[in-house]
Amino acid sequence: PGSEQTTMIRLQTNKPVYIGGEVIEGVVTVETSEMLHCHGVKIEIEGKEKCEFERIEYQRSQVPEEPPKIVTVEEEGKREFFERKATWVHQGAIPPGRLDLPFSFPLPTNLPGSFHLKGKRGSSPSLKWSGKVDYTVKAVVDLDGRKDLKAKQRVIVHEPHGPPKPVTRQESGAVMCCLCFNRGMVHMSGTMSTAVVYPGEVIRINLEV
């Protein structure tokens, strides 16, 4: 009996978090034990927003004596607000073996930042709500006459900010002994190097007492 034919596709970006205007870089890896007859391998990125919420609706009863029925209705809205058209990183058939395909493309500077929020409002009943902005990088092997092979990875995008500005906070208070004897005043100030910090960055704080 012949050996089983397998094909696998992987997608890896160089980091999970980006700032608008930066360049996304990564590698698509295709491993196959057979000749893949395809148009090629393409990269896409899309940004989507979605919101969900519950609302109360009063439904009138067909029986005049009965009060209206309170019903919770679920609403949903979603939209694709950003899509980068396919960039071909390989064209033509793929021979058996492993193929590593690097890619890179810049992000626009005006993209909204990623976020995921959810909560509840009101009581009796409590109504749920949620909202999110997601970005996804996708790799597609565009096969001839077969279902395409796909791999995707979510990335986090932050909105760009201006140059870092230090933040300072000062507090003063009396030093009490045994809750009644005032031993004087103490003054403390703290300065943080910036109010905006991205994952992986170092926060520098200076305290003076």
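Two rings from Phe, Tyr or Trp (its six-membered ring) count as a pair if their centres lie within 6.5 Å. Keep that in mind for this predicted model, which holds 2 aromatic pairs.

**First stop: Phe 81 and Tyr 135.** Select both and look down the rings. Their centres sit 5.8 Å apart with the planes at 90 degrees, so this pair is edge-to-face; the cut-off for that label is over 60 degrees. Now colour by strand: Phe 81 belongs to β5 (residues 69–91) and Tyr 135 to β8 (residues 127–143), so the pair links distant parts of the chain, 54 residues apart. Phe 81 is partly exposed, at 21% relative accessible area, while Tyr 135 is buried, at 0%.

**Second stop: Phe 103 and Phe 105.** Here the ring centres are 6.0 Å apart and the planes make 20 degrees, so the pair is stacked, given that stacking asks for planes under 30 degrees apart. Hide the surface for this one: both Phe 103 and Phe 105 are buried.

Jump to strand β4 (residues 38–59), where Arg 55 lies. Arg 55 is partly exposed, with a relative accessible area of 29%. Show side chains and you'll find a polar contact between those of Arg 55 and Glu 57, at 3.3 Å. Leaving out residues up to four places away in sequence, Arg 55 touches Val 71, Thr 72, Val 73, Glu 75, Arg 121 and Leu 127.

Methods:
Residues are numbered from 1 along each chain as its sequence is written. This is a predicted model: local features need pLDDT of at least 70, side-chain atom pairs count only at pLDDT 80 or more; totals for chains, interfaces and linings use all residues. Side-chain values use heavy atoms; hydrogens and water are left out. Helices (H or I, at least four residues) and strands (E, at least two) are DSSP runs, numbered from the N terminus. Buried means under 20% relative accessible area, exposed over 50%, partly exposed in between (1.4 Å probe, protein chains only). Contact means heavy atoms within 4.5 Å. A polar contact is a pair of N or O atoms within 3.5 Å; within protein, one must be able to donate a hydrogen and the other to accept it, and residues adjacent in sequence count only if both atoms are side-chain atoms.
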